[in-house]
Amino acid sequence: MASRFYHLVIDAHEPLVLAQFWAAALDHRILYQSDDGVIVGSDEHHYPGLRFVPVPEPKTIKNRLHIDLDPDDQDTEVECLITLGARRVDVGQAADVSWVVLADPKATSSACSAPTDPSSIDTCGRAPAASGLAVEQRARFFEAGAVRR
């Protein structure tokens, strides 16, 4: 019998803060929250999800894993993620790479790739229609500590 990818588990000092960031960034929702962790996903029936679990020790070494995002419009998505609390980081990437490296509010790095389909870029300066929420709306949801349901 085959297994399926259920959750990517991420250690965190503040699981809820990271869960709120990633729920807003991915236009997902918080599906479960307890003292044992917080789960983010598109809904209860689709996998994989992100599970943020509390750990007492601080991060001391580089992550061995990071999340790559595939936005419709890289510039708009990078702006949105920075509005949500991400920041640009240099991990030694060359100046001419097609991706942007960001760290979430708790310094977990991720990469925001250039669109895979250039025809999908939204040239009106709006968040892509597929994202569900405009940049400003997503930021308000995150700042308020709420998630889209």
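Reply: Begin with the order of elements. This is a predicted model. Starting at the N terminus, the chain runs β-α-β-β-β-β-α-β-β-β-α. That comes to 3 helices and 8 strands.

Me: In what order do the strands of the open sheet lie?

Reply: Two strands pair if at least two bridges are found between them. Here 4 strands form an open sheet, ordered S1-S4-S3-S2, with mixed pairing. S1 (7-12) and S2 (29-34) are the edge strands; each has a single partner strand, so one side of each lacks a neighbour in the sheet. From one strand to the next, the twist averages 20°.

Me: How many bridges join S1 to S4?

Reply: There are 6, and the two strands run parallel. S4 covers residues 49-54.

Me: How do S2 and S3 run, parallel or antiparallel?

Reply: Antiparallel, joined by 5 bridges. Arg 29 stands opposite Gly 41 in S3. S2 and S3 form a hairpin, with 2 residues between them.

Me: And the chain as a whole: what share of its residues counts as buried?

Reply: Buried means under 20% relative accessible area. Of the 149 residues, 40% count as buried. The chain exposes about 9,100 Å², and carbon and sulfur atoms supply 52% of that area. Now take contacts between residues at least 6 apart in sequence: 57% of them join residues at least 24 apart.

Definitions and conventions. Residues are numbered from 1 along each chain as its sequence is written. This is a predicted model: local features need pLDDT of at least 70, side-chain atom pairs count only at pLDDT 80 or more; totals for chains, interfaces and linings use all residues. Side-chain values use heavy atoms; hydrogens and water are left out. Axes are lines fitted to C-alpha atoms, for helices over the stretch in contact, and angles run from 0 to 180 degrees between N-to-C directions. Buried means under 20% relative accessible area, exposed over 50%, partly exposed in between (1.4 Å probe, protein chains only). Contact means heavy atoms within 4.5 Å. Accessible areas come from the Shrake-Rupley method with a 1.4 Å probe; for residues, only the protein chains shown count as cover.
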